[in-house]
Amino acid sequence: LLLCVLFWAGAAQAQPTNIAASLVVEGPAQPGKTVMLAIHMRPKPGWHGYWSNPGDAGLGMSLDWILPDGFQAGAPQYPVPQTLLIAGLMNHVYKGDYALLVPLKVPSDAKSGSVAPVSLDARWLACTDEICVPERGRMATRLRIGAGGKPDSRIEQWRARLPAPLD
């Protein structure tokens with residue numbers, strides 16, 4: 001783990017090759033409302049990413065949003081992870097496609113019919129059972145402000161993978 005942390009900054013300029021990432025928007029957003037964004041992660045076969053609490057080893061994602069004035073990204077919501085035990089260390093991972101959901105608050109003065117650029121610089125750790133590679137990527141999308149339009153059906157599928165509330 002310490003080795004991964006030490007090399008994190010040095011590998012920051014490498015393009016992601018083991019876990020592809022993209023930013024998906026739920027659909028058009030109304031002024032003053034919240035729209036869901038998804039950070040869609042697609043590991044190559046044999047590779048995995050980490051939950052927000054990676055367990056005994058690994059690292060969670062680091063997210064730096066680039067948003068227009070007045071827009072606010074909420075805390076990421078992670079799907080339920082799998083457990084991975086290696087050399088007695090318990091890890092919380094994702095071995096297949098997964099998505100983090102992030103609520104995005106649209107300011108009430110956003111103009112209907114406009115388009116807002118939304119970008120994200122993210123860093124994550126991609127691992128196999130033998131090696132780990134720090135990766136990073138810039139993701140971007142354009143958010144249409146206003147009513148109408150067809151929502152992305154994948155958001156509901158990803159929402160169903162979130163942990164159920166305890167109450």
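When its neighbours within four places in sequence are set aside, leucine 143 is in contact (heavy atoms within 4.5 Å) with Val25, Gly27, Ala29, Val35, Phe71, Leu104, Val106, Ser114, Val115, Ala116 and Val118. The model is a predicted one, in which local features need pLDDT of at least 70 and side-chain atom pairs count only at pLDDT 80 or more, whereas totals for chains, interfaces and linings use all residues. Residues are numbered from 1 along each chain as its sequence is written, and side-chain values use heavy atoms, with hydrogens and water left out.

Leu143 is also, together with Ile39, Met61 and Val106, among the residues with the most contacts inside the largest nonpolar core, which has 28 residues. Such a core is a set of buried Ala, Val, Leu, Ile, Met, Phe, Trp, Tyr and Cys residues joined through side-chain atoms within 4.5 Å, where buried means under 20% relative accessible area with a 1.4 Å probe and protein chains only. Two or more residues each are given to this core by strand 1 (19-25), strand 2 (34-43), strand 8 (98-105), strand 9 (115-127) and strand 10 (132-144), strands being DSSP runs of E with at least two residues, numbered from the N terminus. Strand 9 supplies the largest share, six residues. Apart from this core lies another, of eight residues, including Val24, Met36, Ala99 and Trp158.

An open sheet is formed by three strands in the order 3-7-6, with antiparallel pairing, two strands being paired if DSSP finds at least two bridges between them. Strand 3 (49-55) and strand 6 (82-86) stand at the edges with a single partner strand each, so one side of each is left without a neighbour in the sheet. Strand 6 is joined to the antiparallel strand 7 (residues 89-94) by five bridges, and leucine 84 stands opposite asparagine 91 in strand 7.

Definitions and conventions: Helix = DSSP H or I, 4+ residues; strand = E, 2+ residues; numbered from the N terminus. Buried < 20%, exposed > 50% of the residue type's maximum accessible area, 1.4 Å probe, protein only.
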